[in-house]
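Thanks, I will keep this short. Please have the sequence and the structure open while I talk.

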Amino acid sequence: MLMDAENMVLERPSTALPDFPDSQYRVSVWFERDRKNITLESPTGEEIACLWDDEVDESIEDGFLERPRHPRPSAADWKPKVLAFARSKSLIA
């Protein structure tokens, strides 16, 4: 597990991941009332980044994660934003 400068929990895979096409990464999002979760997994199931609650808000406010521009975005809407976030943090190539 890796903690970045903002103390967000980021998972660096235990071994170097091959360079997968964007379409193979999995993003899951969960928003309910005052709780938030965004998770990025490799095609092999390794968790690369997992942001909860304030970490999601801080990443958006600090400009590391861009919010999709329409109401009730799905995981597919978040995917390009989460991949860009992971690349900015050097979690994926």
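S74 counts as partly exposed, because its relative accessibility is 34%; the class runs between buried, under 20% relative accessible area, and exposed, over 50%, with a 1.4 Å probe and protein chains only. S74 sits in the loop between helix 1 (54-61) and helix 2 (75-88). Helices here are DSSP runs of H or I with at least four residues, and strands are runs of E with at least two, numbered from the N terminus. From S74 to W30, 44 residues away along the chain, the C-alpha separation is 9.2 Å.

A word on the source: this is a predicted model, in which local features need pLDDT of at least 70 and side-chain atom pairs count only at pLDDT 80 or more, while totals for chains, interfaces and linings use all residues. Residues are numbered from 1 along each chain as its sequence is written, and side-chain values use heavy atoms, with hydrogens and water left out.

Now the other serine. Is S42 buried or exposed? S42 is buried, because its relative accessible area is 0%. S42 lies in the loop between strand 4 (35-41) and strand 5 (47-52). Its side chain makes a polar contact with the side chain of T44 at 2.8 Å. Such a contact is a pair of N or O atoms within 3.5 Å; within protein, one must be able to donate a hydrogen and the other to accept it, and residues adjacent in sequence count only if both atoms are side-chain atoms.

Strand 4 and strand 5 form a hairpin with five residues between them, and G45 in the turn has a positive phi of about 95 degrees. The two strands run antiparallel and are joined by five bridges; pairing requires that DSSP finds at least two. T39 has C50 in strand 5 as its bridge partner.

Which residues line the largest cavity? They are I38, T39, L40, A49, L51, L65, V82 and F85. Strand 4, strand 5 and helix 2 each give two or more residues to that lining, and strand 4 has the largest share, with three.

For the overall layout, the protein has two helices and five strands, in the order β-β-β-β-β-α-α from the N terminus. Of its 93 residues, 37% count as buried. Among contacts with a separation of 6 or more, 46% are between residues 24 or more positions apart, where contact means heavy atoms within 4.5 Å.

Key
On a 1 Å grid over the protein atoms alone, a cavity is a set of points where a 1.4 Å probe fits but cannot get out, and a pocket is an open set with protein on both sides within 12 Å along at least five of seven lines; lining residues have an atom within 4 Å of a point.
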